[in-house]
Amino acid sequence: MKAHVSSILLGVRDMDRAKRFYTEGLGWKVRNDWGISVFFESDGASPVGFYRRDGLAGQVGTSAEGSGFSGLVLTYVVRSQARVDEVMAEAEKAGATVLKPAGALPWGGYGGTFADPDGYIWSLGYSDQGADQPYAE
């Protein structure tokens, strides 16, 4: 198996709320909306999509119930500290919960963390330490 993710699927409790958060709040564009699932334009990266939480859990053979930290963090690397601050502000305005405000990170970078309305954690980061970083923008 290669170190590659073909798509990222998030199980959401409220499709309309999730779509509003990512489209109106963060500016994502819908590629396909099939009612039970939504996929966004990916700009060449792994596509991100939503399924209703109970339906996605059923597809993978697990329970839709759960709480606490899942062990999954989605990382978004940008090219400046200012862009980290901008994205954090956009997310908070859209209804995200700021878990860790943007600031200096222990390893020398700059970043912050927020949770979307379904609790999925996004870690935003910037560092001028490397030229081969997987920039999202």
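Mentor: In helix 3, Val84, Val87, Met88 and Ala91 are buried. Seen down the axis of the helix, these buried residues fall within an arc of 100 degrees, so they line one face of helix 3. The arc is taken from the directions from the helix axis to the C-beta atoms.

Mentor: This is a predicted model, in which local features need pLDDT of at least 70 and side-chain atom pairs count only at pLDDT 80 or more, while totals for chains, interfaces and linings use all residues. Residues are numbered from 1 along each chain as its sequence is written, and side-chain values use heavy atoms, with hydrogens and water left out.

Trainee: What makes a stretch a helix or a strand here?

Mentor: Both are DSSP runs numbered from the N terminus: a helix is H or I over at least four residues, and a strand is E over at least two.

Trainee: How do you know that the span of helix 3 agrees with its number of residues?

Mentor: The expected span is 1.5 Å times one less than the number of residues. For the 14 residues of helix 3 that should give 20 Å, and the end C-alpha atoms are 20 Å apart, which agrees. Just after helix 3, Gly95 takes a positive phi of about 115 degrees.

Trainee: Why do residues three or four places apart in an α-helix point the same way?

Mentor: An α-helix has 3.6 residues a turn, so residues at that spacing point the same way.

Trainee: Which elements do the buried residues of helix 3 pack against?

Mentor: They pack against helix 1, strand 6 (97-104), strand 7 and strand 8. Leaving aside neighbours within four places in sequence, Val84 is in contact with residues including Val78, Ala102, Leu124 and Tyr126.

Trainee: Why is Tyr126 called buried?

Mentor: Buried means under 20% relative accessible area, exposed over 50%, and partly exposed in between, with a 1.4 Å probe and protein chains only. Tyr126 has 17%, so Tyr126 is buried. Tyr126 is placed in strand 8. Beyond four places in sequence, the contacts of Tyr126 include Val84, Trp107 and Tyr110.

Trainee: Is Ser127 buried or exposed?

Mentor: Ser127 has a relative accessible area of 5%, so Ser127 is buried. Ser127 is found in the segment after strand 8. Not counting residues up to four places away in sequence, Ser127 touches Trp107, Gly109, Gln133 and Tyr135.

Trainee: What makes Leu99 partly exposed?

Mentor: Its value is 46%, so Leu99 falls in the partly exposed class. Leu99 lies in strand 6. Beyond four places in sequence, Leu99 touches Thr113, Phe114, Ala115 and Ile121. Thr113, in strand 7, is buried at 15%.

Trainee: How do the classes of Asp43 and Pro47 come out?

Mentor: Asp43 has 81% relative accessibility and therefore counts as exposed. Pro47 has 16% and is therefore buried. Asp43 lies in the loop between strand 3 and strand 4, and Pro47 is found in that loop as well. Asp43 also has a positive phi of about 55 degrees although it is not a glycine.

Trainee: What makes a set of residues a nonpolar core?

Mentor: Its members are buried Ala, Val, Leu, Ile, Met, Phe, Trp, Tyr and Cys residues joined through side-chain atoms within 4.5 Å. The largest such core has 24 residues, of which Leu10, Tyr22, Phe50, Val84, Phe114 and Leu124 touch the most other members. Elements giving two or more residues to this core include strand 1 (8-12), helix 1 (15-25) and helix 3 (81-94).

Trainee: Why is a set of points called a pocket rather than a cavity?

Mentor: On a 1 Å grid over the protein atoms alone, a cavity is a set of points where a 1.4 Å probe fits but cannot get out, whereas a pocket is an open set with protein on both sides within 12 Å along at least five of seven lines; lining residues have an atom within 4 Å of a point. The largest pocket holds about 960 Å³ of space. Its volume is the space filled by probe spheres set on the points, which are joined across faces, edges and corners. Of its 28 lining residues, Trp28, Ala45, Tyr76, Trp122 and Ala136 lie nearest the centre.

Trainee: Which element gives the most to the lining of the largest pocket?

Mentor: Strand 5 does, with 4 residues.

Note on methods
Contact = heavy atoms within 4.5 Å.
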